[in-house]
Amino acid sequence: MKKLGATLFLVLSLWCSLDAGASTLVFGVSLGRYPGVTSDQQALAAYQPLVTWLEQKLQQKIVLSGYRSYAELEKKLKDNIYSFAYTKVDVYARVRRVNPTVQPIAVVVTRDANGHEVNSYSSAIVSLKSNRAIQSVSDLKGKRIGFTNRISASGFIYPVQYLKTKGMDYQKDLASHFFYGDDQPVIQALLLKKIDAAACWQGYLRLLPQSEQKKINILISIPRIPNPMYAASGRMSPAAQRRLAAVLVKAPAALFSRLLYQRLAPVPENFYAHVL
């Protein structure tokens, strides 16, 4: 009888601890640098207004957890360590293939060059205006190109797919290719003439000083790459995912003032289906 009582106590204790853990949401956010954010503390602080608002609306504790790489984000989403996270579409696609409990719950809304709100963005392949040998994408054969990283939609995946439509294999038809990790270093390599062309998120070009923007020649703009999203993992029940989604899309735009987007919106039906 004592053994049965001890077993029941252990089961109840485990249940209570799991329930307590489920009441705390772990929110995964990028520790990446961008204008106005130069430290981990600033990266986390940029999300704090949203976290405070969500805690009030959901009546749940939310813990911010920063990731330094997309590989780290991918693992923590796949293993249900994060309750929900800000993630790019290519990371979501890889995680979803092995963990179908991960679901998009809100799409990031940004502004395009004309100030219009959009839920997708463009990649660009660019060169320097001073390099008269490169006036179009077809001129890239035999030249040096820089990408951001292999898992970047805008800095590698979509540009490579576009080059294929033009009959160009980046591994065979270009003199060399390099990976620089992010938009800032690949564009700086281009400006320093270490490479002849670069692939990047087109929106990054608007963040450059005017003196540098004037040097850039956009060879091709590749549109309709779905914006990043907030994705929820199997750490949350489907009902909890839906509740969080309903709250996120009502978050006031002022809460995102220190981030690189305007607000969150509902995910259109089948919006990310083509990447799975």
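**View 1. Gln 41, an exposed residue of helix 2.** Gln 41 is exposed, with a relative accessible area of 60% (exposed means over 50% relative accessible area, buried under 20%, and partly exposed in between, with a 1.4 Å probe and protein chains only). Gln 41 is found in helix 2, residues 40–45. Helices (DSSP runs of H or I, at least four residues) and strands (runs of E, at least two) are numbered from the N terminus. Leu 31 is 10 residues from Gln 41 in sequence, and the C-alpha to C-alpha distance between them is 8.6 Å. The model is predicted: local features need pLDDT of at least 70, side-chain atom pairs count only at pLDDT 80 or more, and totals for chains, interfaces and linings use all residues. Residues are numbered from 1 along each chain as its sequence is written, and side-chain values use heavy atoms, with hydrogens and water left out.

**View 2. The largest nonpolar core.** The largest nonpolar core holds 75 residues, and Leu 54, Leu 140 and Tyr 230 touch the most other members. Helix 6 (residues 153–165) gives this core its largest share, 6 residues. A nonpolar core here is a set of buried Ala, Val, Leu, Ile, Met, Phe, Trp, Tyr and Cys residues joined through side-chain atoms within 4.5 Å. Leaving aside residues up to four places away in sequence, Leu 140 touches Ile 125, Ile 134, Leu 163, Met 168, Leu 174, Ala 197 and Leu 219 (contact means heavy atoms within 4.5 Å). A second, separate core has 15 residues, including Ala 124, Val 186, Ile 187 and Ala 198.

View 3. An open sheet of 5 strands has the order 8-7-9-6-10, and its pairing is mixed. Strand 8 (176–179) and strand 10 (216–226) are the edge strands, each pairing on one side only. From one strand to the next, the twist averages 20°. Two strands count as paired if DSSP finds at least two bridges between them. Strands of a sheet pair through backbone hydrogen bonds, either parallel or antiparallel. Strand 6 (residues 120–128) pairs with strand 10 in the antiparallel sense over 8 bridges; within this pairing, Ser 123 has Ile 222 of strand 10 as its bridge partner. Strand 7 and strand 8 run parallel and are joined by 4 bridges, with Ser 176 in strand 8 as the bridge partner of Arg 144. Strand 7 also runs parallel to strand 9, with 2 bridges, and Ile 145 stands opposite Ala 197 in strand 9.

**View 4. Helices on the sheet.** Helix 6 lies across strand 6, strand 7 (144–147), strand 8, strand 9 (197–201) and strand 10, and runs at about 100° to strand 10. Helix 7 (residues 183–191) also packs on the sheet, where it touches strand 6, strand 7, strand 9 and strand 10; its direction makes about 155° with that of strand 9. These angles run from 0 to 180 degrees between N-to-C directions, with axes fitted as lines to C-alpha atoms, for helices over the stretch in contact. Strand 7, helix 6 and strand 8 form a right-handed β-α-β unit: with the strands pointing away from the viewer, the path from the first strand over the helix to the second runs clockwise.

**View 5. The buried residues of helix 7.** Asp 183, Val 186, Ile 187, Ala 189, Leu 190 and Leu 191 are the buried residues of helix 7. Their cover includes strand 6, strand 7, strand 9, helix 8 (202–205), helix 9 (210–213) and strand 10. Just after helix 7, Lys 193 takes a positive phi of about 65°.

**View 6. The buried side of helix 4.** Leu 73, Lys 76 and Leu 77 are buried in helix 4, residues 70–78. They lie on the same side of helix 4 because they cover an arc of only 100° around the axis, the arc being that of the directions from the helix axis to the C-beta atoms. An α-helix has 3.6 residues a turn, so residues three or four places apart point the same way. The buried residues of helix 4 pack against strand 2 (61–67), strand 3 (84–87), helix 5 (89–98) and strand 11 (229–232).

View 7. Asn 80, a residue other than glycine, has a positive phi near 60°. Asn 80 sits in the loop between helix 4 and strand 3 and is partly exposed, with a relative accessible area of 25%. Arg 224 also has a positive phi near 60°. Arg 224 lies in strand 10 and is exposed, with a relative accessible area of 67%.
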